[in-house]
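Hi,

Here is the structure I promised to send over. Have a look, and my notes follow below.

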Amino acid sequence: MALTRSVAPVLAPVDLARLQAHMRLEAGEDDDHLQHCLDVAIAQFDGADGELGRALMDQTWRETFSAVPPGGRGVVLTLLPVREIVQAEIRDANGDWIAVEGVTLEDLEGDRSAVFAPSWGAPGRHRWPLRIDYVAGFGAEPGAVPLPICHAILLFAAHLYKAREPVSFEGTPVEVPLSIARLVAPFKSWWM
């Protein structure tokens, strides 16, 4: 299985103005570094490499699979939450990608999603014969992302901004606050 993002989200779950308000900073006050800290904080939680195993804002991903299931069977998608299937394709004997007709998205137990097809078709012998493009995320608008995740992003971005060195030799070393881990714990996807 390989997972790559093909279309990035249009908006971020938290914007610079919201972070500035959270930190009680004026606009224009170290904006470039503050934006960098915000981008890093969002990346910490978002997407296939993020800590949560979820897409925060709607974005399109391509997942490839090493096997094609029999007709009527499904494949479980990795990234959560899945909002829609864009397309499913198999690679035929000539190496051409052929669209799979009649695919459906079904929610499974444990917040998982799977794609089913009445007939997947006959793939050729290829390392990755099946690929599925899908939209994952809580929604297209920042308000769709759960508030605990947005607050964790704010806390982590503020922490990155204030603690610019990994270890402080003056006083007690600073660690990422436990409150951030507690805010996002219910949203972690443990299926990987």
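First, the cysteines: how far is the sulfur of Cys 150 from the closest cysteine sulfur? The distance is 18 Å, to Cys 37, which is too far for a bond. A disulfide is a covalent bond between the sulfur atoms of two cysteines. Counting a disulfide as a pair of cysteine sulfur atoms within 2.5 Å, the total comes to zero. Cys 37 is likewise in no disulfide. Both cysteines are buried (under 20% relative accessible area; exposed is over 50%, partly exposed in between; 1.4 Å probe, protein chains only): Cys 37 has 3% relative accessibility and Cys 150 has 1%.

Before you read on, some housekeeping. This is a predicted model, where local features need pLDDT of at least 70 and side-chain atom pairs count only at pLDDT 80 or more, while totals for chains, interfaces and linings use all residues. Residues are numbered from 1 along each chain as its sequence is written, and side-chain values use heavy atoms, leaving out hydrogens and water.

Now the nonpolar cores (sets of buried Ala, Val, Leu, Ile, Met, Phe, Trp, Tyr and Cys joined through side-chain atoms within 4.5 Å). The largest has 28 residues, and Phe 45, Leu 56, Ile 149 and Ile 153 touch the most other members. Helices 1 (16–23), 2 (31–45), 3 (147–162) and 4 (178–184) each supply at least two of its residues; helices here are DSSP runs of H or I, at least four residues, numbered from the N terminus. Helix 3 gives the most, with nine. Another core, of 20 residues, lies apart from that one and includes Trp 61 and Phe 65.

Cheers
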